[in-house]
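My entries follow in the order I looked things up.

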2 protein chains.
Amino acid sequence: MPELHLLSPRGFRAGAAYAGIRSKDLPDVALLVCESSSPAAAVFTTNKVASPSVLVGRKHVARGKLRAAVVNAGVSNACTGRQGHRNAIEMCSLTARLVGCSAEEVLPCSTGIIGQQLPMEKIAQGIAGAFEYLGDSQEHALRFADAILTTDTRRKQASAQVKIGREIVTVAGVCKGSGMIGPRMTPQATMLAYLTTDAAVTAPQLRRLLRKSTEASFNAVTIDDHTSTSDTACIIASGASAARVVSAAADVSRFKKALDEVCQSLAYQIAADGEGATKVVRIDVIRARSETDAKTIARAIANSPLVKCAMHGNDPNWGRIVSAAGMTRAAFDPDKAVLKLQGTPVFRRGEPLDFDERVVSRALASEEVRVELSCNLGKSRSTCWTCDLSRQYVTINADYHT
Amino acid sequence: MPELHLLSPRGFRAGAAYAGIRSKDLPDVALLVCESSSPAAAVFTTNKVASPSVLVGRKHVARGKLRAAVVNAGVSNACTGRQGHRNAIEMCSLTARLVGCSAEEVLPCSTGIIGQQLPMEKIAQGIAGAFEYLGDSQEHALRFADAILTTDTRRKQASAQVKIGREIVTVAGVCKGSGMIGPRMTPQATMLAYLTTDAAVTAPQLRRLLRKSTEASFNAVTIDDHTSTSDTACIIASGASAARVVSAAADVSRFKKALDEVCQSLAYQIAADGEGATKVVRIDVIRARSETDAKTIARAIANSPLVKCAMHGNDPNWGRIVSAAGMTRAAFDPDKAVLKLQGTPVFRRGEPLDFDERVVSRALASEEVRVELSCNLGKSRSTCWTCDLSRQYVTINADYHT
């Protein structure tokens, strides 16, 4: 079977061009175009300092239909006032004119430095170049995936297939995100995710499913807990497969599973490529009193720089983990909790356990570290992905701008 | 006027001994003893994983009277179960026997690694040694201040004097804190602060004043936003001055001013000595809709690793600051906000401002950086102190334990 990619779902083409908006030798303006105006849904940042591109995109996708997405990297268009708002609309108009749709059927996204106006001449050239290059090959998919990267060190893509009736439908996606990652997206991050499917799904159904999948994927990743001004995840369902409309409960469940798989894989890839990251840290909080409690605790552990530095040093300093759990408003009782590092119990019901620190330290020297904290207060659980905190993180972020 | 110190307020003696609990060549067990059982108040960590020492201390100080405080560095006694609880009580009993008071009149504190039992033989030797060395000279005060340090690189002390009637009373304090600093102390944080005064103040009054002073000082410092298992700030009022009891409104106001001055100086010193810090970052959020909003925004900015790295790199990357303000639940509207870096406006009412990045970058290369964000939504304000995030922070915390 050939490798699946963003354009494996039927009905999509993508293109990318090098417009010189950022210094990297990568394409920086890209288009994703669906063969016809199709059901779509998106979730956006909850930051009150949302980019004008987000404000425009939110309005456009609210109509439930999209024909295309246009995106640039290098300049985020956040904090740019009225000019920024006009520029976001102009990106849509330029795209619409080429594609042959209305501007309202285009979702605009921008990622990069905050507070600079988009270089509209370059953007226009980029859009024209990307349109000229449109295609549905794997190469086109990869170029689109590359064009949206900023401090990312590698492209991120995922896909899944599922049977709806007798037909196989494909769900695929690409995303970017490495720093300023603490998405809290609701149907209204700078992580960007573009999801395609050739399943036939209505916009309301897409909205409901994307919201749920986002909670357990993109919204469960944190690099620096800094909710971006531009976070956006969108899905377009071309319906270009021959499969029946996804509406029966069993079909929805199957489709949801594929969507979850794609979103979670993309989220994992963001954690793995966090700025300066040398490893992924997966935090499972289990047996919490409520799901909110489980999430709150998992996120507090994931965001503690002390925990993240310990993970970088392969240091089984479990006291930092237990104390991070205790500092939130969530129900937590150290006398009931059990903590495991890479499967080894290190703390149980208020008491430190004897364990071989060197053995656990060696186990922590891994590409994936698993922290499991059982609260023993209920039946709820939550998983959160983050990465370690390295000197390289500081280097990247102390010198990004000037 | 001779330099003031922790033991300048009359009625106090202190001692410290080298018990070998930690590797540093500094005293690590210390006693602060008041000449008689005196009104006292304390605030403690709100972490649900509180050290047994905190649980014991909270109970003891609830009686409103203290005669002594005993403290060790190197082992925090947190997450140590029943044995840890017995050890905290034993520290009090050992101290009480020597001082000649009840164990309930002793406040125990421990700071250091989490999850190890206190080495009680060394602790007992340390307490005996510290008691033998008790005195009220500046040297004694400095030894006490040194004995409580852990990853701190320098001692922290402050003092103020104020007239109550015709008499001068002194408020003095020492504290420690460099990492695991995100205190949220209430009358029930690992920063430790010991405050002495020879003013005559009742315990209820001390409680009320300490709570208020803590909000605008210790609770307004964040290094890593990690609320420790052991944070404690306590004040003992010996009443050994000849001044009248502090109860008239004007006297309370004067005394409060001195206490605020001491607490804020100590808090500032904690920020300046944050792990790996090269500078203090002072964040003033002004014209917020409510004090809670102002605090929430100030803390979100102070805790953003992106902002802290930018400050380390002298990078006027103001988009990170504005977006940190926008990601909280607090009321914030970028179209109304004005941001100044070292006094230079960089963002105003939704629009980026033209400013010379090199000039502002040079201004950020300072021991103290001031960030002032005006929300223009109300009349409330809040100040928060933090430090920059350096590679040295990662080095310190990736290798602390193993």
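**Entry 1: salt bridges**

I began with Asp273(A), which forms a salt bridge with Arg154(A); the closest N and O atoms are 3.9 Å apart. The cut-off for a salt bridge is 4 Å, and the model is a predicted one. I then checked burial for this pair. Asp273(A) counts as buried, at 3% relative accessibility. Arg154(A) is partly exposed, with a relative accessible area of 43%.

Next I looked up Lys156(A). Its salt bridge partner is Asp152(A), and the closest N and O atoms are 2.7 Å apart. Lys156(A) is buried at 1% relative accessibility. Asp152(A) is buried too, at 4%. I then asked which residues are linked in a network of salt bridges. They are Asp152(A), Arg154(A), Lys156(A) and Asp273(A).

Asp152(B) and Lys156(B) meet through their side chains in a salt bridge, 2.7 Å from N to O. Both Asp152(B) and Lys156(B) are buried. Over all chains, I noted 28 salt bridges in the structure.

**Entry 2: cysteines**

How many disulfides does the structure hold over all chains? The count is zero. I looked at Cys79(B) for the reason. The closest cysteine sulfur to that of Cys79(B) belongs to Cys375(A) and is 14 Å away, so the two are too far apart for a bond. Cys79(B) is buried, with a relative accessible area of 5%.

I also checked Cys387(B). This residue is in no disulfide, and the nearest cysteine sulfur, that of Cys384(B), is 11 Å away. Cys387(B) counts as buried at 1% relative accessibility.

**Entry 3: positive phi**

I came back to Cys79(B) for its backbone. Its phi is positive, about 60 degrees, although Cys79(B) is not a glycine. Where does Cys79(B) lie? I found it in the loop between β3 (65–75) and α2 of chain B.

Asp225(B) was my other case. Asp225(B) also has a positive phi of about 60 degrees and is not a glycine. Its place is the loop between α5 (203–215) and β8 (232–237) of chain B.

**Entry 4: Thr111(B)**

I located Thr111(B) in strand β4 (residues 106–113) of chain B. Is Thr111(B) buried or exposed? It is buried, with a relative accessible area of 1%. I set aside neighbours within four places in sequence and listed its contacts. Among them are Asn72(B), Ala73(B), Gly74(B), Val75(B) and Ser76(B). Ile148(B), Thr150(B), Lys176(B), Thr190(B) and Leu192(B) are also in contact with Thr111(B). Thr111(B) and Leu149(B) are 38 residues apart along the chain, and their C-alpha atoms are separated by 8.5 Å.

**Entry 5: chain B against chain A**

I finished on the interface. The contact takes 58 residues from chain B and 58 residues from chain A. About 4,600 Å² is buried between the two chains, and carbon and sulfur atoms give 59% of that area. I counted zero salt bridges between chain B and chain A. Polar contact, in turn, joins 21 residue pairs between the chains, both at pLDDT 80 or more.

I then asked which elements of chain B supply the side that touches chain A. At least two residues each come from α2 (81–99), α8 (305–312), α9 (318–326), β12 (351–352) and α11 (391–398). α9(B) gives the most, with seven residues. By residue type, this side of chain B divides into 24 nonpolar, 22 polar and 12 charged.

Terms used. Residues are numbered from 1 along each chain as its sequence is written. Chains are lettered from A and ligands numbered from 1 in the order in which they are written. This is a predicted model: local features need pLDDT of at least 70, side-chain atom pairs count only at pLDDT 80 or more; totals for chains, interfaces and linings use all residues. Side-chain values use heavy atoms; hydrogens and water are left out. Contact means heavy atoms within 4.5 Å. Buried area is the accessible area (1.4 Å probe) that two parts lose on being put together, summed over both. A polar contact is a pair of N or O atoms within 3.5 Å; within protein, one must be able to donate a hydrogen and the other to accept it, and residues adjacent in sequence count only if both atoms are side-chain atoms. Helices (H or I, at least four residues) and strands (E, at least two) are DSSP runs, numbered from the N terminus. Ala, Val, Leu, Ile, Met, Phe, Trp, Tyr, Cys and Pro count as nonpolar, Asp, Glu, Lys and Arg as charged, and the others, Gly among them, as polar. Buried means under 20% relative accessible area, exposed over 50%, partly exposed in between (1.4 Å probe, protein chains only). A disulfide is a pair of cysteine sulfur atoms within 2.5 Å.
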